[in-house]
Amino acid sequence: MADTKIADAFVEFERVQKSYDGEVLVVKDLNLSIPKGEFLTMLGPSGSGKSTCLMMLAGFETATHGEIKIDGVSINNIPPHKRGIGMVFQNYALFPHMTIAENLSFPLEVRKIGKSEREAKVKRALDMVEMGDFGGRRPAQLSGGQQQRVALARALVFEPELVLMDEPLGALDKQLREKMQFEITHLAHELGITTVYVTHDQTEALTMSDRVAVFDDGRIQQIAPPDELYENPQNSFVAQFIGENNTLSGKVKSISGDQCVVVLDSGEEIDAMPVNVSEVGQRTTVSIRPERVEFDKSRLHADAHTLKAEVLEFIYMGDIFRTRLRVAGNDDFVIKSRNAPDQTRLKPGEQIEIGWLPEDCRALDA
Amino acid sequence: MSETTHTGPVLAADGTPLKKSLARALRVEKMRALLMIAPLLLFVMFSFIWPIGEMLFRSVDNREVGEVLPKTVAVLKDWDGTSGELPDETVYQAFTADMLVAIDAKQHTKLGRRLNFEKTGISSLFRKSGRKIKKLDLETDGPFKEALIKIDKKWGDVETWKAIQTHSVNYTNGYYLNAIDMQRTPEGVAVQSESKRIMMTLFKRTLWMSLVITGMCVLLGYPVAWILANLPARSANLLMILVLLPFWTSLLVRTSAWKVMLQQQGVINEVLVWLGLVATDDRLVIINNATGTVIAMTHILLPFMILPMYSVMQTIQPTYLRAAKSLGATNWTAFWRVYFPQSIPGIGAGSILVFILSIGYYITPEIVGGAKGVFISNRIAYHISISGNWGLAAALGAILLAAVLVLYWAYDKIVGIDNVKLG
Amino acid sequence: MKFTKTLMATTALTMVAGVSGAADMADEMTIVSWGGAYSKSQLKAYHEPYAEKSGVNIINDDSSAEAVAKLRAMNEAGNVTWDVVDVVAADAMRLCDEGLAMEIDADTQLADGDNGMKASEDFGELLVSDCFIPQIVYSTTFGYRTDLVGDTPPSKICDVFDLEAYPGKRSLEKRPINNMEWALLCDGVAKEDVYEVLATPEGQDKALAKLDTIKDSVVWWSAGADTPQLLADGEVIMGSTYNGRLFSVIEEQKQPVAMLWDAQVFDLDGWIIPAGLSDERKARALDYIMFATDTQRLADQAKYIAYGPARKSSAPLVSKHADLGIDMAPHMPTDPDNAKNTFLYNYEFWADYRDDIDAKFQAWLAK
């Protein structure tokens, strides 16, 4: 799923490859363009190459092949300290022997900015993250969230056009994380800076980003805005990785336009939308989002295919109900239904029939 | 506050004061903890505190004169040594009586050795006279003034009696005075004669050279520790073995190896001559002097510097350097402003370790130090094992201990002792 | 209390162990010596035949260099673990003075010579202390590199002080003893006046002034092995050390080194028995001493090392080296050809003056 070239690209990866040992490529033929002001997230499991890409962009790793450009200029041979990229690290990397103000002052000092201007900028940056009163403290005296804000302020204080963030919220608890997610996106858009954000948390990726690049096996599997990524995963990896998914495997029986019929391994037939299957007889994995599965026959097309299912477990989760079913030999088939007054609560052991709209069931690669 | 009506101690549920009941609850745990550390505590008491106390005591203890010559010391108190007159017959008689007892117990030669530290010649005076005094009879052979002077004319020397009188106090400052090139004389404290002044020179040299050695260890050890901390585990282990290798070789072997390396016909000089860097009749003198001591001791003590530095550097995450660079710092600035300050606790720990070890070293300076590379500890060793002047050795050791404590205190004031980490 | 019981039981066990330890020692004795070739010569000449004769198991301890300090410490702790100790005569005198060594009467507690001579007469003036049984006569003398001293090799002690005729480094021991005597001798003091002069501050200054003339060319040694190594490496052209060390450099290692016997200083090495041994251990130690210092045994030691036996009666029995097969008599410091001009270490003088002169000597060295 190579990214098509964008005319006003600010950051570009052109056919970039990276190998540490000369035998295995951890990044394989990467092409990526990021326009100015975009918040792009690199999402993927560990070892997928996303962090390596970030490190190459920051200049801490060199590309084995290919070119990385910022604003049209190749930065392959520019050392990290001359790239002018702000960076937030996973463990914040605040210098423990300096006060907060000294930490923020550091990038300004090495840029030989005068004292009064430095102080003004440090103050402005601290105020921006609501840490104005903490300039005299040491990092160890701050909480995780506060350190996070300081790290963000430090990465922004010298007004870079590009900011990189390497799993910056990983060490925070859930509530704080959600708050920070909002603050970071808010700040990034307000300042109009280009942000490349690395995470393995798909919720974070979906909530924060303009676009998400899903990495696996050294390649970008799909790059798209969050809604498109969720609604239209282009392959089974993306479908699995983003959000929850039910999968069933089978063979394509017939294709007609944007609909096809798949025969499951259990012999039953279902309707699906062909995404990357093209011929009859091809093996496929179909994926259906749990919230798109219907068990109320009245809401389905009259001629829609249905499947028999047995309720195995019913979990009350507050806003939703989560029901685990046995479907076509699969014990982990999950459906989610909204907790509404008229919602049916299924009981374990109950025999039901389920179905879906053909466009909600995507026939993907096997 | 107005609502504080209850002014007595806080009570537990059963009415006993809370503090008391807490103490009772904690007592068992305290006892258990105490029992656990008891073996170590006893060990430290017996092998460390007690010997050091013993040493401090020995440096002022001078009871042997009074113990061997009790009567003499008592009557000699009234004699005015500055008058230039010999003491009278009572002193001689008391001395003879004391000596007869001492000779029986074979204590007189021991005392002679002791007093010989203060006045050369007393050792043989006591030994030789002892054989003859043994034959005297207290009842019949008086007067003893003539008898003793006949045995040896030194008994007719005022200086002999002055020495006994001066050093007859039970607790003396004499050893400490000797340790700083002064002496205790009948006329009071005086400076040691110039030709015998050696201690202060050695103290200063010991401190200065230990500083140089510590500095060399920092300079040489820092890059090694840095590499160790930043290499992948497998290579780091290999390098660590190389660093620790000196520990596995006997000290004497290592020091002797330096002789082979550094002497004028040694490896380094041969190579320099071969390269044409020095003329063959102008070879470098890098052993049997201070240079030799610094080189050999730097090598021996280097692991003690590298290990604490390494363990501190291991805790400094590489992201700090990356962060600094991403903020625009050059490699050097990143190192100097960010990495180095964080590694200071390791340098501090290593320096204290190396410095304290080096001021106490004596084998290596003895072997490679020649005349100008020996330390105060070589004098201590001399007084322990050759001259037998343990009092002086103890005084020197106590001063060295005090110097270490002062330096430790100074370090605490300047750098802060909590800024020392072994890992 | 349970704890008290345990404590008592432990104490009792320790005591039993202590007693049984003492019982084991009945056929065991610890002999302290210098180690190396010297201890080996004693092993061959004394320990092996004695063990065979008496069945006593001999444990060697190479601690002679620290004998005085260790015996003092043992004595203060009230637990002397050594039975017989090999020390130099000066140390023996100190130990005797301090009551750390027992007195031994030569005539009643040692064997007569093989010619019937009383032991006191056989050892003669070498019995320098009441506690000391001399074993060997060794000397501190010079060796020189035959290939580095030009056509006329040094023949007099004063050649050591002659930098013009013999330029190059020389090694001297890092202590005043011997060096001060040699310096005065070469500064024109008559041999018989040396100690009288050295007893005065002026005489000491005179000796140091003489040493000052060669100070820059001296390598100072503190271990007996230093000079042989320095000679072998060509670091020095001449140097003082013990004659036995030079013997092995010359005869065993075949280095181009020769002896300069002039003004060699005799010193004695021998046995003492620590004071305060139990009667049983004392009796065994005396038995060993009587055996090991008889005429034949002393002569035997010279088969293994080039030190002269302390008994006059042993001299005729000195034979060939056990491994090299060379005649040992000419290598003995006591050989008439070698002993034309000798000093005997002045124990009395140095016991009195050592600390005083050593302080001056060290101060001079540090200058």
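Two residues are taken to be in contact if their C-beta atoms, placed from the backbone, lie within 7 Å. By that criterion no contact joins chain A and chain C, whose closest C-alpha atoms lie 46 Å apart. What we are looking at is a predicted model, in which local features need pLDDT of at least 70 and side-chain atom pairs count only at pLDDT 80 or more, while totals for chains, interfaces and linings use all residues. Residues are numbered from 1 along each chain as its sequence is written, and chains are lettered from A and ligands numbered from 1 in the order in which they are written.

Let me take the chain contacts next. Two pairs of chains touch, and of these the pair B and C has the most contacts.

Now to chain C, for which the domain assignment, whose bounds come from an automatic or database source, gives domain 1 (2-131 + 273-331) and domain 2 (139-267 + 339-366). The C-alpha centres of these two domains of chain C lie 30 Å apart, and their contact takes twelve residues from domain 1 and eleven residues from domain 2. On the domain 1 side, helix 4 (residues 89-97) of chain C supplies the largest share, three residues, and that side divides into eleven nonpolar, one polar and no charged residues.

How does helix 4 of chain C pack against helix 14 of chain C, and at what angle? Helix 4 and helix 14 (residues 347-366) of chain C pack at about 65°, with their axes 10 Å apart, the axes being lines fitted to C-alpha atoms over the stretch in contact and the angles running from 0 to 180 degrees between N-to-C directions. The two helices of chain C are therefore roughly perpendicular to each other, a label that covers 65 to 115 degrees, with under 35 counting as roughly parallel, over 145 as roughly antiparallel and the rest as oblique. The contact is made by C:Ala89, C:Ala90 and C:Met93 of helix 4 and C:Tyr347, C:Trp350 and C:Ala351 of helix 14.

Notes:
Helices (H or I, at least four residues) and strands (E, at least two) are DSSP runs, numbered from the N terminus. Ala, Val, Leu, Ile, Met, Phe, Trp, Tyr, Cys and Pro count as nonpolar, Asp, Glu, Lys and Arg as charged, and the others, Gly among them, as polar.
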